[in-house]
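Please open the structure in your viewer and keep the selection tool at hand.

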Amino acid sequence: MNTIKKFGSSSDYPYITGSGSSFMTEFSDQWLDTSACCWNNNDEFCPSIKERDDCSKCPQDDMTTETKYDYMQWFISDIPRTDGSGCSKGGAVSYANSAIFTANNRSVKAARFTSSHGLLSSSADFYRC
């Protein structure tokens, strides 16, 4: 994502604007840092769209690599709540198919990202972009 940000601020690449976005950015910046988003019950994920009476907040301190990958997969499968209660930052809508994990689910093999481009005013702009 740093590469996209670098190109976006370079005059050599005038069509890329801003920085990119990926599920990793959203996961780290929003889902993990928002206490309302990650809930579990005996190491089983409690989705945002269900009641959480038997669930507790995911521990954030001393998170292991294994736990972090579990949380990533929970984030990608979580449907955000739109009624103002619970978590509005689940990743299923934007990122459901944007990551491929290894067979043991302990690393990411591939992931998509998005970026934006500026105004394209001619066919030539489109082709150069």
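**First stop: the disulfide**

The chain holds one disulfide, a term that denotes a pair of cysteine sulfur atoms within 2.5 Å. The structure is a predicted model, in which local features need pLDDT of at least 70 and side-chain atom pairs count only at pLDDT 80 or more, while totals for chains, interfaces and linings use all residues. Residues are numbered from 1 along each chain as its sequence is written, and side-chain values use heavy atoms, with hydrogens and water left out.

Select C46 and C55, whose sulfur atoms lie 1.9 Å apart in this disulfide. The link of C46 and C55 is left-handed, with -90° about the S-S bond. C46 counts as buried because its relative accessibility is 8%; buried means under 20% relative accessible area, exposed over 50%, and partly exposed in between, with a 1.4 Å probe and protein chains only. C55 is likewise buried, at 15% relative accessibility.

**Second stop: N40**

Next, select N40 in strand β2, residues 39-41. Helices (H or I, at least four residues) and strands (E, at least two) are DSSP runs, numbered from the N terminus. With a relative accessibility of 8%, N40 is buried. Show its contacts, that is, heavy atoms within 4.5 Å. Residues up to four places away in sequence aside, N40 touches both cysteines of the first stop, C46 and C55, as well as S56, C58, P59, Y71 and W74.

Now select helix α3, residues 65-77. Which residues of α3 are buried? They are Y69, Y71, M72, W74, F75 and I76. The 13 residues of α3 should span 18 Å at 1.5 Å a residue, where the expected span is 1.5 Å times one less than the number of residues. The end C-alpha atoms are 19 Å apart, which agrees.

Move to S98, in the loop between α4 (92-95) and β5 (99-101). Is S98 buried or exposed? S98 is buried, because its relative accessible area is 5%. A polar atom of its side chain lies 2.8 Å from the backbone oxygen of Y95. Beyond its neighbours within four places in sequence, S98 is in contact with F23, A110, A111 and R112.

**Last stop: the whole chain**

Finally, display the entire chain, which has five helices and seven strands. Along the sequence they follow the pattern α-β-α-β-β-β-α-α-β-β-β-α. Of the 129 residues, 30% are buried.

How values were computed. A polar contact is a pair of N or O atoms within 3.5 Å; within protein, one must be able to donate a hydrogen and the other to accept it, and residues adjacent in sequence count only if both atoms are side-chain atoms.
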